[in-house]
Amino acid sequence: MTTTTTAKTEGPLLLTQRRIWIIFAALIAGMLLSSLDQTIVSTAMPTIVGQLGGVEHQVWLTTAYLLATTIVMPVYGKFGDVLGRRRLFLIAIALFTLASVGCAFAGDFTQLIVFRALQGLGGGGLMILSQAIIADIVPASQRGKYLGPLGAIFGLSAVGGPLLGGFFVDHLTWQWAFYINIPVGIIAFGIAWFTLKLPNKRATQPIDILGVLLLSAFTTCLIFFTDFGGSTDHGWGAVETWMFGVGMVLAAILFVMVEARAKDPIIPLALFKNRTFINATLIGLTLGLGMFSAIGFVPTFLQMSSGTSAAASGLLMLPMMVGLIGTSIVSGILITRTGRYKQFPIIGTLLTAAAMVAMTTLTADTPIWLICVFLFVFGAGLGLILQVGVLVAQNSVNPSMIGTATSTNNYFREVGASLGVAVFGTIFTSRLTSNLTDVFTGAGASAGDAASSTSSLDPQTLAQLPAAVRDGVVTAYADALAPVFWYLLPFIAIAFVLSLLLKQIPLSDVAGLVARGEAIGGDEAEALESAQRGTPVATAKSDPDTSDRDDLISKS
């Protein structure tokens, strides 16, 4: 394990309640930036792919972002443990904002995919570093009460994002879905620069560069293998598909060999001897397979199959976010009060499975209110699972590995998400392309014209088609998407079984920075800050659970 030293500062970091909330504000700004972008794009996607001529490749608009995010997660997690998280957080915000500029000015679909991947390189850092910093400053036993504000920010972006995306598409241009990130990114960077004060560190062991490269190669080959295998252009019998498959296996073997010998591996293999960590991570992997696939294509279904506008489809996602926010807040409060978490993923997987079964019945004639009910139940299930997995993973490891545990847990969830979007998105897109081609050829178009119409179809074009053709297109979308949910159910079932096997362990009552001797917390931090300001305090109790505190105090 890497030994790190804290950079020289004016004194120890005092984790007073005031400082915790200031740091928390910086994290919220960064998380708002990342989550807002993903949800805006979801409702703008049909228009974007239609205008840029990329309907048959629309899955890559999501997969490129997820792939890049997945690749860099372990890097941000490990480097944050080794070098400190403040500078990495600022780099992630800057990279995300600059990539948003590139997305807004992309001239074709290929350029847009490239810049979306660059966005993912920044978005991965925002996600991992935010979760790790929260674990640094808040004990696991108290972290539940912070899930409410985090859930509210996620819910705000998840509701406001689709609404903004729909408004931009309906009244401005799709480019505004990326323009909006520029001022938000600048504000987030400023807030983090002035308020995110954390210890900087330096590494005393060589960085595992070879491990990073092999892990990136494995992730890339995995996604291309599944995408090529499920596409009509290549298929599972294509040589290039299996070349990626071979590359994936070789990269995995070499990665394990390198990590076993590395002085400070990017993902320590010892983590996989921890049964609680493995269980929590596998729940995230299986949930990611089903969750992101469903979320990614529901707005498209609402726009094209139900005939709603982009703005209306964003509004129709509101019930899902209400369910997610509600159960996230309630579960967080209950975890803080009781210290118990096992029951929440069990109930959450059952609710998620029920919602998916219901969504297999979706047709163009399904009432909007019923779709809203399905989405509410789906969101309620997710809210009971998402935060618990990360909390359990962080709580199951040594405080010096909080960032690594956080990123590894998220990495496997994003691997599941990337696989889900690639595989099930490809199934949806292949079925949709075939269905739409049949619709246009049945209306009298030639094969070439049918292919062209399928590639450039967007909600605005759909509204201008003759009623018979429009009804055929709506049915094509419904027939393509609804059956896909059956393929997702087995993975939710696996997540349910894993939730039953999840071990209940006590939640730590010491924040990560305090446990590592890098900060002072609790009443003692409040007393020291008051003494520095010359303000007397009534009482100040020492925290017997922290170490190296006397050394830190002497430095001040």
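Me: Which residues are buried in helix 15?
Reply: A helix is a DSSP run of H or I with at least four residues, a strand is a run of E with at least two, and both are numbered from the N terminus. Buried means under 20% relative accessible area, while exposed means over 50% and partly exposed is in between (1.4 Å probe, protein chains only). In helix 15, the buried residues are Val-388, Gly-389, Val-390, Leu-391, Val-392, Ala-393, Gln-394 and Asn-395.

Me: How are residues numbered in this predicted model?
Reply: In this predicted model, local features need pLDDT of at least 70 and side-chain atom pairs count only at pLDDT 80 or more, but totals for chains, interfaces and linings use all residues. Side-chain values use heavy atoms, with hydrogens and water left out, and residues are numbered along each chain as its sequence is written, starting from 1.

Me: Is Gln-131 buried or exposed?
Reply: You'll find Gln-131 in helix 4. Its relative accessible area is 18%, so Gln-131 counts as buried.

Me: And which residues does Gln-131 touch?
Reply: Touching means contact, that is, heavy atoms within 4.5 Å. Leaving out residues up to four places away in sequence, Gln-131 touches Val-390, Gln-394, Thr-406 and Asn-410.

Me: How do helix 13 and helix 20 run, roughly parallel or roughly antiparallel?
Reply: Axes are lines fitted to C-alpha atoms, for helices over the stretch in contact, with angles of 0 to 180 degrees between N-to-C directions. The axes of helix 13 (residues 343-359) and helix 20 (residues 484-501) come within 9 Å and cross at roughly 170°. Under 35 degrees is roughly parallel, 65 to 115 roughly perpendicular, over 145 roughly antiparallel, and the rest oblique. So helix 13 and helix 20 are roughly antiparallel.

Me: How much of the whole protein counts as buried?
Reply: The protein has 23 helices and four strands. Of its 556 residues, the share that counts as buried is 57%.
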